[in-house]
Amino acid sequence: MAKMYYDSDATLELLQGKTIAVMGYGSQGHAQALNLKDSGLNVVVGLRADSRRWKQAEAAGLKVATVAEAAAQADVIQILLPDERQASVYENEIKPHLTAGKCLVFSHGFNIHFGQIVPPADVDVFMVAPKSPGHLVRRTYEEGAGVPGLIAIHQDASGRAYDLALAYAKGIGCTRAGVLETTFKEETETDLFGEQAVLCGGVSELIKAGFDTLVEAGYQPESAYFECLHEMKLIVDLIYEGGLSRMRYSISDTAEYGDMMIGKRIITDETRKEMKKVLAEIQDGTFAKNWLLENQINRPTFNAIERKDAEHPIEKVGAELRGMMPFIKKRD
Ligand code: NDP
Ligand code: MG
Ligand code: MG
């Protein structure tokens, strides 16, 4: 088994007395900045001067500065801006202040791996990537728990990059759940593959295809919603707690027989072949190139699909049904 790192393997000392600039206060930015602060570290959040999140971060007790000012003050610079914007912000506002001995940190390897950011040789460059949406990075930390994380070293100028990465991972709570060492290449490619084929792309299409099949056959949309979307979480909770076997233990034998006999008719050999193609397009840079081009022309495809999908009937019936379940909280 790969070596895992936990709380006792890491010490915050290396970061104590240093200034950590967290650039961005979005999903990961707010979570990591607040967790680091609550771990007793000195944090400054870097934002655009006109960001509506400036006041929000200050109200949460954080110091806030422009990206350039924060980069100038900081010893450790964590870039938590959208991947497609990091390169230009880096070039204009961070690079001029990235002097020898500083650390540059990422939570996803995209810009380093695909050569969009090329840091100078005299700084440490590493990754601490929580394997979780940002809001759960914060929520689990507050609950005394944490989410797993990956660390990777791209450049070790100081000879301490490894321990610094572990210290940072401890500061955001990842060593509570377990930290695994990886490379920028492995993290970037597996992260993109996971979100495209399984977690986001795969799951959304599976849910919609199931819902559409039932509704088109004349069943009530409410039934279809409960079966194909709402219960997904309950099933996934069992898988998360005890693997696929725990889920099979809890469901009826009828469901288990259906699972065994029918699952492979849904995820077919053809689907597995397509997954390999998707992975190849990630590995050869096709996906990254398409995504950066889409941004250069102001996202016509992205915006059109986002708008269209928001109008899918599953979203409408879901909003109504969730409205009657006050225990499902819409958080921030
Ligand atoms: P978000 O889209 O949530 O980040 C938005 C933040 O970036 C806002 O504070 C926004 O500022 C700021 N921002 C955007 N453009 C600029 C700019 N030009 N100058 C200054 N600030 C800017 O990002 P995520 O948290 O989703 O992603 C951050 C990184 O974390 C990425 O590398 C991503 O791959 C990685 N990651 C994300 C995960 C997630 O859960 N979302 C999971 C694991 C890794 P403003 O307030 O002005 O709009
Ligand atoms: Mg990702
Ligand atoms: Mg059932």
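This section describes the sheet, its covering helices and selected loop residues of a predicted model. Local features need pLDDT of at least 70, side-chain atom pairs count only at pLDDT 80 or more, and totals for chains, interfaces and linings use all residues. Residues are numbered from 1 along each chain as its sequence is written, chains are lettered from A and ligands numbered from 1 in the order in which they are written, and side-chain values use heavy atoms, with hydrogens and water left out.

Helices (H or I, at least four residues) and strands (E, at least two) are DSSP runs, numbered from the N terminus. An open sheet is formed by 9 strands, with mixed pairing. The strand order is β1-β9-β8-β7-β6-β5-β2-β3-β4. Two strands pair if DSSP finds at least two bridges between them. The edges are β1 (4-5) and β4 (63-66), each of which pairs on one side only. Strand β4 pairs with β3 in the parallel sense, over 4 bridges. Within β4, T66 stands opposite L47.

Strand β5 (residues 76-79) has two parallel partners. Strand β2 (residues 19-23) pairs with β5 over 4 bridges in the parallel sense. There, A21 has I77 of β5 as its bridge partner. Strand β6 (residues 103-106) runs parallel to β5 and is joined to β5 by 4 bridges. In this pairing, V105 of β6 is the bridge partner of Q78. The chain passes from β5 through helix α4 (residues 83-94) to β6, a right-handed β-α-β crossover. Right-handed means that, with the strands pointing away from the viewer, the path from the first strand over the helix to the second runs clockwise. Both faces of β5 are covered. V76 and Q78 on one side are buried, as are I77 and I79 on the other. Buried means under 20% relative accessible area, exposed over 50%, and partly exposed in between (1.4 Å probe, protein chains only).

Contact means heavy atoms within 4.5 Å. Axes are lines fitted to C-alpha atoms, for helices over the stretch in contact, and angles run from 0 to 180 degrees between N-to-C directions. Helix α4 lies across β2, β5 and β6, at about 150° to β5. Helix α8 lies across β6, β7 and β8 (149-155), at about 35° to β7. Helices α8 (residues 184-199) and α9 (residues 201-216) pack at about 10°, with axes 3 Å apart. This angle makes α8 roughly parallel to α9 (under 35 degrees; over 145 is roughly antiparallel, 65 to 115 roughly perpendicular, the rest oblique). From α8, the contact uses E195, Q196, A197, V198 and L199; from α9, G201, G202 and V203.

In helix α6 (residues 134-142), G134, V137, R138, T140 and Y141 are buried. The buried residues of α6 pack against α1 (27-38), β7 (124-130) and α7 (161-171). After α6 comes G144, with a positive phi near 90°.

Two loops complete the description. N298 lies between α13 (286-296) and α14 (300-310). Its phi is positive, near 65°, in a residue other than glycine. N298 is exposed, at 62% relative accessibility. R299 lies in the loop between α13 and α14. Phi of R299 is also positive, near 60°. R299, however, is buried, with a relative accessible area of 19%. A49 sits in the loop between β3 (42-47) and α2 (53-59). A49 is exposed, with a relative accessible area of 67%. Its C-alpha atom is separated by 53 Å from that of K264, 215 residues apart along the chain.
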